[in-house]
Amino acid sequence: GATVSFLISTPQTGVDSIIATYSLMGLPFAIARPLVALVTAVFGGMMVAAVEGHEDEKAAIAENVAETCVAHKCKTPFWKRLLNVLRYGFVEMVEDIGKWLLVGLLIAGMITALVPDEWFALFKDNSFLSILLVLLITIPMYLCATGSIPIAVALMMKGLSPGAALVLLMAGPASNAASILVVRKVMGNRT
């Protein structure tokens, strides 16, 4: 349950994601996104804890992870670990975010240019239907937490409701088909 909670919440609660959400969508979305992520993460974790019963497997995995971590820390000097942290924070993470943000901006530009302005007007009176449409679109594909922000903005400019845009921001990174398949393989069908 805790692992699933972690997997659900981390894409939306990262500092990079919150800052990018604030800069492109404003303060209300920057506050709502991590709060909704935390609520859905707790709910998802509780659901998994309710259906899972593999305590012996969980203990073995936790013991293996702990042994690996201890062995790794003993072999690597502190200054190298600190250097790795700084390299990740100032080089690798910036490269990763920049790439996905660029992809998101390109897709947002295509949406802005190709999707007719009146297309989302069909769903104006039915926000539940627009939310279901967004879920059907986002679950089969992977959307990076940062790269999905310009896509949500472009869709809102085309008339998508803010609630449906928030669903896109939450469902794309947290519950896409690729992640579901990996969780299924590692943690089993019930999870």
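Alanine 41 sits in helix H3 (residues 27–51); helices here are DSSP runs of H or I with at least four residues, numbered from the N terminus. With a relative accessible area of 3%, alanine 41 is buried, a label that means under 20% relative accessible area with a 1.4 Å probe and protein chains only. Serine 9 lies 32 residues away from alanine 41 in sequence, yet the C-alpha to C-alpha distance is 5.4 Å. Setting aside neighbours within four places in sequence, alanine 41 is in contact with Ser5, Ile8 and Ser9, where contact means heavy atoms within 4.5 Å.

A word on the model itself. It is predicted, so local features need pLDDT of at least 70 and side-chain atom pairs count only at pLDDT 80 or more, while totals for chains, interfaces and linings use all residues. Residues are numbered from 1 along each chain as its sequence is written, and side-chain values use heavy atoms, with hydrogens and water left out.

Ile8 turns up again in the packing of helix H1 (residues 2–13) on H8: Ile8, Pro11 and Gln12 in H1 meet Leu169, Met170, Pro173 and Ala174 in H8. Sorted by class, that contact has six nonpolar residues, one polar and no charged (nonpolar covers Ala, Val, Leu, Ile, Met, Phe, Trp, Tyr, Cys and Pro; charged covers Asp, Glu, Lys and Arg; the others, Gly among them, are polar). The axes of H1 and H8 are 9 Å apart, at an angle of about 125°; axes are lines fitted to C-alpha atoms over the stretch in contact, and angles run from 0 to 180 degrees between N-to-C directions. H1 and H8 are therefore oblique to each other, given that angles under 35 degrees count as roughly parallel, over 145 as roughly antiparallel, 65 to 115 as roughly perpendicular and the rest as oblique. The crossing of H1 and H8 is right-handed, that is, the near helix is turned clockwise from the far one by less than a right angle.

Helices H2 (residues 15–25) and H7 (residues 148–157) pack at about 25°, with axes 10 Å apart, and are therefore roughly parallel to each other. Their crossing is right-handed too. On the H2 side, Ser17, Ala20, Thr21, Leu24 and Met25 meet Ile149, Pro150, Ala152, Val153 and Met156 in H7. This contact of H2 with H7 holds eight nonpolar residues, two polar and no charged.

Lysine 158 counts as buried because its relative accessibility is 8%. Not counting residues up to four places away in sequence, lysine 158 touches Ile111, Thr112, Val115, Pro116, Asp117 and Phe120.

Technical notes
Helices (H or I, at least four residues) and strands (E, at least two) are DSSP runs, numbered from the N terminus. Buried means under 20% relative accessible area, exposed over 50%, partly exposed in between (1.4 Å probe, protein chains only).
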